[in-house]
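Below are my notes on the strand arrangement and on one surface feature of this model. Please read them with the structure open.

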Amino acid sequence: VFARQPFQTADDARNVLWDSNWLAGANLRFDTLGGALTHEFKGNYLRSESINKFDPLYGFSAGVINNTRDIGERIAGGYIATYRFDTPSLNAKHAISGLLEARRETYTPFSDFGFFDGDGRQRARNQLSSGGEWRGTFADRLTITAGARFDDNDTFQDFSTWRTSLSYALRELG
């Protein structure tokens, strides 16, 4: 079956979409113990607002005018510490890092008719994460790492991840 018209015309909704995003963040990093211990504090904030307004000058969309507005926010912060030390007897350099992060996200949908897209109720989820890593370099060639992370989340199942790696520098190959 072939269409009688060679081209189809688009039927675009008569809406105006407006988005606004505001992002702020800060990092503070400093060393103690003569540079052996590094501290890093991080924080950021994001606010996103989306407004979808129906333009009534062009008629009705499915017979209903439904303006919507969605607001989302994310607040996150964390702390990372890294301690570096040498073991001359093993010809090795080590770094041990630990982190703690927290994040809160909220989302609130609004609409002219609450039973459509937005009921005005705020939804929220929180996450608290912790982790650690050891990194050792031996004879300035062999590097071994081992790390683990735990995410405690109130929206989905808590989860642990881990990683190990091994690398060897072959400088003779360029």
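Two strands are taken to pair if DSSP finds at least two bridges between them, and strands themselves (E, at least two residues) are DSSP runs numbered from the N terminus. This is a predicted model, in which local features need pLDDT of at least 70, side-chain atom pairs count only at pLDDT 80 or more, and totals for chains, interfaces and linings use all residues. Residues are numbered from 1 along each chain as its sequence is written, and side-chain values use heavy atoms, with hydrogens and water left out.

1. The model holds an open sheet of seven strands in the order E1-E2-E3-E4-E5-E6-E7, with antiparallel pairing. E1 and strand E7 (159–168) stand at the edges with a single partner strand each, so one side of each has no neighbour in the sheet.

2. Strand E1 (residues 15–32) pairs with E2 in the antiparallel sense over 18 bridges, and threonine 32 has leucine 37 in E2 as its bridge partner. Four residues lie between the strands of this hairpin, where leucine 33 takes a positive phi near 55°.

3. E2 is joined to strand E3 (residues 68–87) by 16 bridges, again antiparallel, and leucine 37 stands opposite tyrosine 83 in E3. E3 in turn pairs with strand E4 (residues 92–111) in the antiparallel sense over 20 bridges, with glutamate 73 opposite threonine 106 in E4.

4. Phenylalanine 41 is found in strand E2 (residues 37–54) and is partly exposed, with a relative accessible area of 37%, where partly exposed lies between buried (under 20%) and exposed (over 50%), using a 1.4 Å probe and protein chains only.
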